[in-house]
Amino acid sequence: MKELGKNMIEWESSESDFSDTEDSNELGASVGPEITTMDTIDSVNKRQATRVFKKSSLNGKITVYLGKRDFVDHITHVDPIDGVVLIDPDYVKDRKVFGHVLAAFKYGREDLDVLGLTFRKDLYLAAEQIYPVVQGSQPPRELTRLQERLIKKLGSNAYPFYFELPPHCPASVTLQPAPYDTGKPCGVDYELKAFVGEAQDDKPHKRSCVRLAIRKIMYAPSKQGEQPSVEVSKEFMMSPNKLHLEASLDKELYHHGENIAVNVHIANNSNRTVKKIKVSVRQFADICLFSTAQYKCTVAEAESDVVDPSQRENLGIIVQYKVKVKLCLGALGGELVAELPFILMHPKPEEEEPVPSTARPSPTHKTDSGEVPLDTNLIQLDTEADGDDDIIFEDFARLRLKGETEA
């Protein structure tokens, strides 16, 4: 019996930092740094100010205000897409303003679109008339806190919109383009559009249309699953016993940048020699369109030579990850392969603690007994009167792929 013992292999998991992109000519937003925080603190009044993304049409007649560009899928529900559209009534006149959210799967280059055939499939479409408000079509929806603050700040020409995405919609995924590829990358992308037109089916004019690329994302679950492990064996002719391979991971869920520890145990009771061990991490992308196609690539790999002691020598894109362990036995012996699936996701960002209020008790505030406290500042000014105006507007800039440079 030849016992090769245990081998532990570690490497750092690679991160594919994909972001949805927009066409710079059509979307018109100047390129700027990615916004990673939604809230900031007013250094003067010590109040929490809300950062809001905005984007205007080319003619400046309609402007969309949106609280965030990433909407989280919580399995049971998806964050609603809510915001307001500021319009110029003198420009719109008797026309209407429509909004829609489109999830589209792009699976080919735009320059290959011929004879009316496009390599694009619409997966979901939600549309509504934003202006003028349709009365009686459905029960009026209460404004969100963000919409209330925006309408108060922007005035009577700001109109709210609200979209809900079903949980079964695919998450935003972008396939990293090759160096020689041009145009938008393939993948699943979401787009929020507001435009001026006579009817909802009208083709919007670029000058009076606002398009924003948004993302539907998911974060890693808080609990770990079962530890992945697998056992495989192989028999050989003219050999009394088998070659046994046992492989396992230290956990099921990994975050980008973490080390993946692979434990490999080999029990070689055969008369064959294991010459090499290859361990690799493979990424599988299932393209679910008319039929399911699968693309795979190796994102990390490790290899070690074995010295024998006797010789002393889903609709959309579904992304999965597996660790592949392969024992090489030479030209005549073949190989023995085991695969360990695992989950690679981004962790959920930590929620920021609310900023403590600096407002003192109101002069008219009374205790439970009905008496005014003796230490109340009777001449204090109300510093929170304009709290709803603490809004910082940020241009909706384009997100670029990691490593992409400006043309």
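Beyond its neighbours within four places in sequence, Asn59 is in contact (heavy atoms within 4.5 Å) with Tyr91, Arg207 and Ser208. This is a predicted model, in which local features need pLDDT of at least 70 and side-chain atom pairs count only at pLDDT 80 or more, while totals for chains, interfaces and linings use all residues. Residues are numbered from 1 along each chain as its sequence is written, and side-chain values use heavy atoms, leaving out hydrogens and water.

**Around Asn59**
- Asn59 sits in the loop between strand 3 (47-56) and strand 4 (62-66); strands (E, at least two residues) and helices (H or I, at least four) are DSSP runs numbered from the N terminus.
- Asn59 counts as buried because its relative accessibility is 18%, where buried means under 20% relative accessible area, exposed over 50% and partly exposed in between (1.4 Å probe, protein chains only).
- The Asn59 side chain reaches the backbone nitrogen of Lys61 at 3.0 Å.

**Backbone features to look for**
- Most residues other than glycine have a negative phi, and most peptide bonds are trans.
- Ile75 is not a glycine, yet it has a positive phi of about 75°; Ile75 lies in the loop between strand 5 (70-72) and strand 6 (81-87).
- With a relative accessibility of 61%, Ile75 counts as exposed.
- Lys93, also not a glycine, has a positive phi of about 55°, and its place is in the loop between helix 2 (89-92) and strand 7 (96-106).
- The peptide bond from Tyr131 to Pro132 is cis, with omega near -10°.

Technical notes. A polar contact is a pair of N or O atoms within 3.5 Å; within protein, one must be able to donate a hydrogen and the other to accept it, and residues adjacent in sequence count only if both atoms are side-chain atoms.
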